[in-house]
Amino acid sequence: MGKAEPGGGAKMSRGMRVLPEEQEEVLEELQSLGWYHDNLTRHAAEALLLSNGCDGSYLLRKSNERNDLYSLSVRARDSVKHFHVEHMGSSFKFGFNEFPSLKELVMHFANQPLIGSETGTLIVLKHPYPRKVEEPSIYESVRVHTAMQTGKTENDLVPNAPSLGTKEGYLIKQGKIVKNWKMRWFTLHRNELKYFKDQMSTEPIRALDLTECSAVQFDYSQERVNCFCLVFPLRTYYLCAKTGIEADEWIKILRWKLSQIRKQQDQRDATSTL
């Protein structure tokens, strides 16, 4: 496929005007798409795709710039690229390609096209990101912190803010060989649970890949209270929190992560059988 234009997008053809009734019909069609997110902002799209998506995940959203513009947000490894899709009245323009209908544009995406950005990044569009995704049940306790800095703009701050579905804090962990308990600093980001010697340490002792975790559950086999465990193929990790509420929060968000991982796997399996 030809190179799509990130950021600026194509200019509106001279004399081209989209009528309100045409726009309304298009919106109705778009709403029937499971991966169209009408009111999603650029920053929210980046947070969703980085937190819960994977390489090749994509979604379509309304652009804030013009009524006839839409934005295709695509995760490319650890970043998100944005491309313009322009409604030309009787067709849709995406990069150098023009599609006579929304249906043909959708069919094009179903074939997992390869797109290229001006920076040279090549991306295969593999996984449409669904509009209806359940939020973690402790969503209200997950906070995004930003700080005002002199000379900085919102664009400078947002990439450094933690994505949705993150958590960090001290937990007591049981050793693998010597079954003693030690306080460790844990961070949950995307599909990785890392633990460090303490909060000031920069290198983790270990990073656990949650795609390999089969279960997260309360554990009552230990002498300690507020314990839970993570079950992996070669080892079960036993952790304890300071309070029952804190243990419950960790379990809920970890289980939510596992449910999202399984949904993505089911989507990949369904796509591969088409």
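This is a predicted model: local features need pLDDT of at least 70, side-chain atom pairs count only at pLDDT 80 or more; totals for chains, interfaces and linings use all residues.
Cys54 is a buried residue, its relative accessible area coming to 15%. That value falls on the buried side because the cut-off is under 20% relative accessible area.

Going by sulfur-to-sulfur distance, the count comes to 1 disulfide. The bond joins Cys227 to Cys240, with the two sulfurs sitting 1.9 Å apart. The pair links distant parts of the chain, 13 residues apart: Cys227 belongs to strand S15 (residues 227-231), and Cys240 belongs to strand S16 (residues 236-240). As for handedness, the torsion about the S-S bond of Cys227 and Cys240 is about 70°, so this disulfide is right-handed. Both partners, Cys227 and Cys240, are buried.

What about Cys229? Its sulfur finds its closest cysteine sulfur in Cys213, but the gap is 8.8 Å, which is too far for a bond.

Turning to the backbone, a couple of residues other than glycine carry a positive phi. One of them is Asn226, with phi at about 60°. Asn226 sits in the loop between strand S14 (215-218) and S15. With a relative accessibility of 22%, Asn226 counts as partly exposed; the band in question lies between the 20% and 50% cut-offs, so 22% lands inside it. Arg190 is another such case, its phi being near 55°, again positive in a residue that is not glycine. Arg190 is found in the loop between strand S11 (181-189) and strand S12 (192-196).

On the charge side, Glu24, Glu25, Glu28 and Glu29 together form a negative surface patch. Of these, Glu29 lies in helix H1, which covers residues 20-31. Is Glu29 buried or partly exposed? Its relative accessibility is 39%, so Glu29 counts as partly exposed.

Terms used. Residues are numbered from 1 along each chain as its sequence is written. Side-chain values use heavy atoms; hydrogens and water are left out. Patches are made of residues with over 30% relative accessible area and no salt bridge: like charges are joined within 9 Å, nonpolar side chains (Val, Leu, Ile, Met, Phe, Trp, Tyr) within 5 Å. Accessible areas come from the Shrake-Rupley method with a 1.4 Å probe; for residues, only the protein chains shown count as cover. A salt bridge is a side-chain nitrogen of Lys or Arg within 4 Å of a carboxyl oxygen of Asp or Glu. Lys and Arg count as positive and Asp and Glu as negative; His and the chain ends are not counted. The place of a charge is taken as NZ of Lys, CZ of Arg, CG of Asp or CD of Glu. Helices (H or I, at least four residues) and strands (E, at least two) are DSSP runs, numbered from the N terminus. Buried means under 20% relative accessible area, exposed over 50%, partly exposed in between (1.4 Å probe, protein chains only). A disulfide is a pair of cysteine sulfur atoms within 2.5 Å.
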